[in-house]
Structures are given as C-alpha cells and as structure tokens.
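Dear colleague,

Please find the structure below, together with its sequence. My notes on what was found in it follow directly after.

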Amino acid sequence: MSAIAEVRSSVHRIPLVRPWGPHTTHIHLVVTRVITDDGRAGTGFSWAPNVGGRAAHALLESDIRDAAIGLPAHPAVAYDRLWWHLHEAGRGGLTTIALAAVDLALWDLRAPAGLAEAVGRRRDAVPVYGSGVNRHYTVDELADQARRWVGRGLPAVKIKVGLADLDEDVARVAAVRRVIGPGVRLMLDANQLWDLPRALRAIEAFRPYDPYWIEEPLPADDVQAYARLREGAPGVPIALGENTHTPWQFRDLLTAGACDILQPNVVRVGGVTPFLRIADLARAFNVPVHPHLLPELSGQLACCLPLPAMVEDVEDASFAALGLLDTAAPPPVRIGDDGLLRPGDGPGLGLRFDADLLKSTRLDDDGGNS
C-alpha cells in the first residue's frame with residue numbers, strides 16, 4: 001500500500017452570490033492536496049461559512065501534516081490514526097473539520113471510477129430540495145425564492161424560522177405554503193434558536209402547514225430536551241445532526257430517541273469515512289440520513305445510502321454557483337429539470353477547482369487577499 005508523502009493546503013475567501021445575512025457575506029474554503037510516495041495526488045477540501053477556516057488551515061499545515069506523512073494512503077486507516085492523534089485538541093469541531101480535507105483527498109485517490117462507485121451506488125438519482133438562508137428576507141422576497149424553487153421543478157423546499165415574533169414566523173410559513181401548494185414538501189429550520197417551551201408552541205402553530213420536518217429547533221447538544229420535544233410534539237418529524245461531529249455523538253442521539261432524521265455534514269464530521277459509519281448507525285435504527293449542504297459531494301453520497309434521501313441545494317451557494325469549479329472538467333453532479341440529482345461520470349470526487357479563482361481568493365498570512 002502506498003503511503004502519504006506530502007500534505008499541502010491553501011485557504012481562500014469566497015464571496016457569496018447571495019449573502020446569508022449582514023454578517024455572512026463569504027465562506028472560507030481550504031483546499032488540500034495529498035501526494036503519495038508513488039507520485040499520485042488527490043484533492044480534498046474543508047469549508048467554513050462563518051468561523052474556523054483559517055484555524056482549520058493552520059491545523060492542516062502543522063499537526064495534521066506532521067502526523068499524516070508516512071501513514072498508509074487508506075482513508076479509514078489514516079482517519080483513525082489522525083483522529084486519535086488530534087482528539088486531545090477536541091474530539092470534534094475544528095479537528096474533524098480539518099481532518100475532512102485529508103480524508104476527502106484520500107477518497108479522491110481511492111475512487112478512479114467516481115465516488116458513488118467506490119462507496120457502492122444504490123440508486124441512480126436522488127431528489128433535491130431548495131434551501132435558503134432567508135430569515136432576513138421580506139415576505140415578498142421569501143415568496144419569490146419559493147417560486148424560483150418551484151419553477152425549477154424541485155419536489156421540496158426549506159426555509160428559516162426562528163424570528164422573535166412567532167406570529168411573523170407563521171405568516172411567512174403560510175406565504176410559502178401558498179406559493180408551493182400542497183404537493184411540495186415544506187421543511188422548517190430554526191437553527192437552534194428556541195428553548196423547549198417555545199419549540200413546543202411553534203410546532204403546534206406550524207402544524208396546519210404540514211411541515212415535513214422541523215430542523216434543529218433546540219441547541220444541538222441538548223439530547224435530553226430533543227427526546228422530550230419528540231414526546232411532546234408527536235407527528236412532526238425532528239431533524240438534527242448538522243452540528244454533530246462524531247459517530248459517538250450520533251449514536252447518543254439515536255439511542256436517546258432524539259430525532260427522526262439525521263443530517264450529518266460530510267465536512268463537519270470529518271469526511272466520507274466517518275460519514276459512512278454514521279449512515280450505518282442510522283440504518284440500524286431505521287432512521288433516514290439526509291446529508292447537510294455541499295450538494296456536489298452530498299449528492300454522490302446520497303446515492304449510496306441504505307435508505308432514501310434528499311439533497312440540500314442552498315440557492316446560489318453550491319460550488320458550481322460560486323464559480324469554484326473548472327467548467328472544462330466534467331461536473332461532479334447534475335441537477336435536472338425533474339428535480340433529481342445524478343452523479344457525474346468523472347474520476348474521484350469530481351471536484352476540480354478553478355485555478356484562477358483559487359489564486360485570486362487565496363489568503364496570505366496576514367488575512368488579506370494575495
């Protein structure tokens with residue numbers, strides 16, 4: 001088996017086409033190249049929309065690089081050894097976000113016929129749902145966004161809730177339901193903004209609009225409160241997991257009966273290797289997995305999951321929409337007019353970043369554009 005000979009990373013500040021609010025106008029992207037002792041190279045990435053991008057890059061350029069060189073270039077073997085090496089700095093969070101870049105690069109090497117084929121494709125296509133970071137939108141802007149999703153033929157949409165005034169939230173949900181009609185699934189995401197009593201009141205207020213799930217209504221770590229919420233608000237599925245980082249934490253959610261749907265983010269959990277372990281855990285509990293964000297990668301994995309899944313496409317925030325991908329290379333996924341995502345036919349992860357854009361957005365040591 002070949003071994004890791006070098007790990008090289010760069011960090012980039014990528015402007016958002018459609019800002020996620022006044023304080024979120026860009027994301028940080030860390031691009032990592034892993035080179036083996038037999039001369040092969042794989043490309044992975046890490047990602048952070050608000051904080052942590054430069055810190056993940058620093059961790060990759062120091063502790064991770066030092067520990068990775070000489071390890072077998074096998075994703076699971078390297079991941080386990082690197083996680084153990086790093087876990088004193090944090091069992092999840094920054095450490096797993098940084099580790100994802102190496103794991104993804106190794107899977108890029110391990111998948112000559114594409115990621116779905118390497119993992120084990122179970123279906124040829126998966127449904128896409130339109131998603132938006134839209135709590136700051138007016139009702140009219142929110143309705144227009146929903147119309148765009150329906151116009152694309154998407155079978156489901158997700159909007160943000162969690163405003164200070166519950167009546168205002170209800171009015172916005174009602175407006176979107178009117179636009180999309182009864183046949184399109186409607187999911188609601190509260191981004192951890194409620195306590196248990198408010199979540200119970202909100203879920204009852206939203207019931208007439210048939211929410212397909214309520215996402216992260218409580219702080220993500222409050223496992224017992226989620227279990228109580230499910231008992232107190234039967235019939236409305238609870239989705240959770242985008243801010244959960246390790247297989248052990250997902251195990252605790254499942255054993256506590258804290259959620260109906262899991263939403264691991266492939267970067268935040270540390271890459272494809274732990275993502276697949278989490279999917280196996282969820283299958284044992286008969287809980288579906290709907291991957292969080294990153295449709296170019298999540299869509300390929302969703303085609304391999306044991307239970308049916310949907311893929312999230314945040315409006316104008318995919319790598320393709322942000323102009324990050326080399327348009328001369330085959331696309332990693334394709335989203336059709338039928339609202340279905342299909343993996344591309346390129347090798348590896350299929351992510352070939354645009355070299356000119358990476359050069360123009362690279363951050364120097366002082367935090368400015370070089």
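The lining of the largest pocket, sorted by class, comprises 12 nonpolar, 15 polar and 8 charged residues. Please bear in mind that this is a predicted model. The pocket in question has a volume of about 700 Å³. Its lining is made up of 35 residues, and those nearest the centre are Pro-49, Asn-50, Asn-191, Glu-242 and Arg-268. Two or more lining residues come from each of strand 3 (41–48), helix 3 (94–110), strand 5 (156–160) and strand 10 (311–314).

The second largest pocket holds about 290 Å³ of space. Here 18 residues form the lining, with Glu-296, Ser-318, Ala-320, Leu-325 and Val-333 nearest the centre. Helix 11 (295–302) and strand 11 (333–335) each contribute at least two of the lining residues. By class, the lining of this second pocket has 10 nonpolar, 3 polar and 5 charged residues.

I turn next to the aromatic side chains. The whole structure contains 8 aromatic pairs. In one of them, the ring centres of Phe-45 and Phe-319 are 5.1 Å apart and the ring planes meet at 70°; the pair is therefore edge-to-face, since planes over 60 degrees apart are classed in that way. This pair joins distant parts of the chain, as Phe-45 belongs to strand 3 and Phe-319 to the loop between strand 10 and strand 11, 274 residues apart. Phe-45 is buried, at 1% relative accessible area, and Phe-319 is buried as well, at 3%. Together with Phe-353, Phe-45 and Phe-319 form one aromatic cluster.

Another pair consists of Trp-83 and Trp-84, whose ring centres are 6.4 Å apart with planes at 45°, so this pair is tilted. Trp-83 is buried, with 8% relative accessibility, whereas Trp-84 is exposed, with 59%.

How many disulfides are counted? The count is 0 disulfides.

With kind regards

Terms used
Residues are numbered from 1 along each chain as its sequence is written. This is a predicted model: local features need pLDDT of at least 70, side-chain atom pairs count only at pLDDT 80 or more; totals for chains, interfaces and linings use all residues. Side-chain values use heavy atoms; hydrogens and water are left out. A disulfide is a pair of cysteine sulfur atoms within 2.5 Å. On a 1 Å grid over the protein atoms alone, a cavity is a set of points where a 1.4 Å probe fits but cannot get out, and a pocket is an open set with protein on both sides within 12 Å along at least five of seven lines; lining residues have an atom within 4 Å of a point. Grid points are joined across faces, edges and corners, and a volume is the space filled by probe spheres set on the points. Helices (H or I, at least four residues) and strands (E, at least two) are DSSP runs, numbered from the N terminus. Ala, Val, Leu, Ile, Met, Phe, Trp, Tyr, Cys and Pro count as nonpolar, Asp, Glu, Lys and Arg as charged, and the others, Gly among them, as polar. Rings of Phe, Tyr and Trp (its six-membered ring) pair if their centres lie within 6.5 Å; planes under 30 degrees apart count as stacked, over 60 as edge-to-face and the rest as tilted. Buried means under 20% relative accessible area, exposed over 50%, partly exposed in between (1.4 Å probe, protein chains only).
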